[in-house]
Structures are given as C-alpha cells and as structure tokens.
Amino acid sequence: MAELSVKLANLTLDNPIIPASGTFGFGYEFAELYDINILGSISVKGTTKEPRLGNPLPRIAECTDGLINSVGLQNPGVDKVLSEELPKLRQVYSKPIIANVSGFSPEEYAYTAERLDSDSSVGIIEVNISCPNVRCGGIAFGTDKQNAALVTKAVKAATKKPVFIKLTPNVTDITEIARACEAEGADGLSLINTLLGMRIDLKTKKPVIANKMGGFSGRAILPVALRCVWQVYEAVNIPIIGMGGISTPENVIEMMLAGATAVQIGAENLINPTVCRDIIQALPATMEKYGITDLSSIIGGAH
C-alpha cells in the first residue's frame, strides 16, 4: 500500500498536497465541491493587519500556460479572519491549517503572526516576504537578505508556531535569501512565489494590468520552481514546501525529488477546482508506476 504521509515541521500530513494561498480563498468555499478533509493542509488567503481592498482593476491577464495577477493582497484583515473566516473553515475542515501572513513592516508581520498564533487551527505560519518595505523605498522584503532576515526574526519572536518563509524567485541568488532566513530561525521555506510579468493590449497599446506588472504563475513556471527548490535544498537544512506550476501527480513527485517535503498547488485551482483532490486520488497509482512505496523516501532523491 502506498504511503503518502509526510512530516512537515511538527505536523504529520496525510499527504503532501496543499492548496496555495490566494488560490483557495479561506477553504470553506471548496467544501461545496468535495470533502476538503482529503487535503494534507490548506494555506489560506494572505492576511494583513488591516483590511485591504486590493489593487485597481484590471488585475488579471491571461498568458500561455499561465496568468498574471495583481490582486494586491485583498483580505478582510486579521480581526475578521480570526472571528469569521477561520471559524467557517473549522466547520468543514478538521486538520491544522497554514496561515499566510503579509505586511509592510517587520512590526506588521509580527503583529499579524502573533494574532494568528492564538488560533488552535493554525499549525504553521507562512510569511509572504514579497510585500514592499515601505521604509526602504518599496523594495520587496524578499529581494534583500537583510530585510528577509529582519522579518523572519520579528515573526519568530511573535509566535510559538513553526514559521515558513515564502521566497520570491525575483532575485539573483535565491539561496542567499534562504540562508538568511534559516540563520534567523525559520523552521521551513515555501517556494516559489510568482515571477514578475506583464502583458500589453495591442488595441490600446497599454499594459493589460492597471499596475502594469503582476505575478506570473501557472504551468509555465514549473521548471523555474524546480530549479529554485533544487538550489535551496542544497543550501539549507530546513524543510521546503515546493510550489509553482504543479498540475499533475507526476509534477508532485518531480518536485519532491528536487527537495520538497510537501507541495502547494496554486493557479491550477483556478482552472480545475478539484485538482488537489484529483492529484491525491491519482498519487498511489503514479507512485506504483515509478516504483515508489513511500513518498517521504524520495524527498531530495534526485540529488
């Protein structure tokens, strides 16, 4: 019998499949389509200290094998997430979740993480460091190792839950950022966040997205994500959640061979809302096809 369970920080997941933050809402919406308790965990929508309306429209541009989005962290704020969204999710999902945190200063990250730490359903705090640092001219926290380290240190001091830092690929050397986060106590890493991309409308001769550029995701970015996971696995000694372009059980195995302990599935949820369930159901047969009996045994197996 195929063994799908994996150990992620102090959590044992029934399987490594996790819907990625921003592509699965707060989870309960998908419970109308299938029993979401089949999932290993859920990374819920990115949460900030204050409510955010997000960026101006249009926010989405289609691409070959992917899409560009510039939603702008639209969310109801941490108070409502704790009082309304997470209780709704608990009614339909019984496993620990991953709470995704965003902010515009180390203090904001720490505040939101500390608030979410109090919720018993939160198993891991995932920190999105692709946000702009308002004190440093808008440079994303994740593109500078000192800024990444500052956020990691602040969040670690604010929570007792395991902290996973979500890394951006929009850097020269992702391993430098990964090592800086590990040095400040990160319990794990999530990678990759979206690439930076844009589209231009030939009729208007202007960028399609109001913010001009946005996050490029979807099947097309899988090779980049695999490369980043491979490099970071070689550079650190903490677990990795791999993501970026995953759409099949074969992609899951490939990502785990590169070094991921678990995976998140993002843009594919917007194409096929049952993709996570479908992959979980197909994994045992795919494992058998490639002579794999225990998924944990293949983590980093390609190195």
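A nonpolar core is a set of buried Ala, Val, Leu, Ile, Met, Phe, Trp, Tyr and Cys residues joined through side-chain atoms within 4.5 Å. The legends below refer to a predicted model.

**View A. The largest nonpolar core of the predicted model.** This core comprises 88 residues. Those with the most contacts inside it are I129, L167, L189 and L191. Helix 5, spanning residues 222-235, gives the most to the core, with seven residues.

**View B. The surroundings of I129, one of the core residues with the most contacts.** Apart from neighbours within four places in sequence, I129 is in contact with Y109, A140, F141, G142, A148, V151, I165, K166, L167, I177 and C181. Among these partners is L167, which is likewise listed among the residues with the most contacts inside the core.

**View C. S41 in the loop between strand 3 and strand 4.** With a relative accessibility of 1%, S41 counts as buried. The side chain of S41 reaches the backbone oxygen of P96 at 2.8 Å. Setting aside neighbours within four places in sequence, the residues in contact with S41 are L13, I17, I18, P19, Y93, P96, I97 and I98.

**View D. The salt bridge between K145 and E176.** The structure holds seven salt bridges. In the pair K145 and E176, the closest N and O atoms are 3.8 Å apart.

**View E. The salt bridge between K156 and D187.** The closest N and O atoms of this pair are 2.9 Å apart. The pair links distant parts of the chain, with K156 in helix 3 and D187 in the loop between helix 4 and strand 9 (188-191), 31 residues apart. K156 counts as partly exposed at 26% relative accessibility; D187 counts as partly exposed at 25%.

**View F. The salt bridge between E268 and R219.** Here the closest N and O atoms are 2.5 Å apart. E268 belongs to helix 7 (residues 268-271), whereas R219 is in the loop between strand 13 (214-217) and helix 5; this pair links distant parts of the chain, 49 residues apart. E268 counts as buried, at 7% relative accessibility, whereas R219 is partly exposed, with a relative accessible area of 42%.

Notes: Residues numbered from 1 in each chain as written. Predicted model: local features only at pLDDT ≥ 70, side-chain atom pairs only at ≥ 80, totals over all residues. Heavy atoms only, no water. Buried < 20%, exposed > 50% of the residue type's maximum accessible area, 1.4 Å probe, protein only. Helix = DSSP H or I, 4+ residues; strand = E, 2+ residues; numbered from the N terminus. Contact = heavy atoms within 4.5 Å. Polar contact = N/O pair within 3.5 Å; in protein donor to acceptor, adjacent residues only side chain to side chain. Salt bridge = Lys/Arg side-chain N within 4 Å of Asp/Glu carboxyl O.
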